[in-house]
Amino acid sequence: MDLMLATSKAGHDKKQVYVVVSQDNDFCYLANGTTKTCSKPKKKKKIHLQLIKNIPSDVLKEIEGLSTSDDISIKRILKVYNRRNKDV
C-alpha cells in the first residue's frame, strides 16, 4: 500500500489533511472523501503542500487493507490519522 498524506500549507484550506490520490510533475491531486472526492480531486501545487512521510505504525496497522480509490476508505484513513494526532 503506497499511502501518502499531505497537509496544505497555503490557501483557504490551510492546515487541512488530505490523501494524495495521484500526482504529476508540478501538481498533486488530493481527496478527503467529503468535499473533495476521488472522482473530482483537488488539484494543488506541490510547493503548497507538506507531505507527511512518517505515518505512525499504529495508524498504518489500523488502516491496513483500505484502498485510496473510494471515498469511504479515504474518510476512514483521515479519521484514524486525525484521532491519533489529536491525542498526541
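View 1. Strand β1 (residues 5-8) and strand β2 (residues 17-23) run antiparallel and are joined by three bridges; two strands count as paired if DSSP finds at least two bridges between them. The model is predicted, so that local features need pLDDT of at least 70 and side-chain atom pairs count only at pLDDT 80 or more, while totals for chains, interfaces and linings use all residues. Residues are numbered from 1 along each chain as its sequence is written, and side-chain values use heavy atoms, with hydrogens and water left out.

**View 2. A hairpin links β2 to β3.** Q23 stands opposite C28 of β3.

**View 3. The sheet is open and holds five strands.** Their order is β4-β3-β2-β1-β5, with antiparallel pairing. Because β4 (42-45) and β5 (49-52) stand at the edges with a single partner strand each, one side of each is left without a neighbour in the sheet. Four bridges join β3 to β4, and Y29 has K43 as its bridge partner in β4.

**View 4. The cysteines C28 and C38 are in no disulfide.** A disulfide is a pair of cysteine sulfur atoms within 2.5 Å, and by this rule the count comes to zero. For C28 the nearest cysteine sulfur, that of C38, is 15 Å away.

Definitions and conventions. Helix = DSSP H or I, 4+ residues; strand = E, 2+ residues; numbered from the N terminus.
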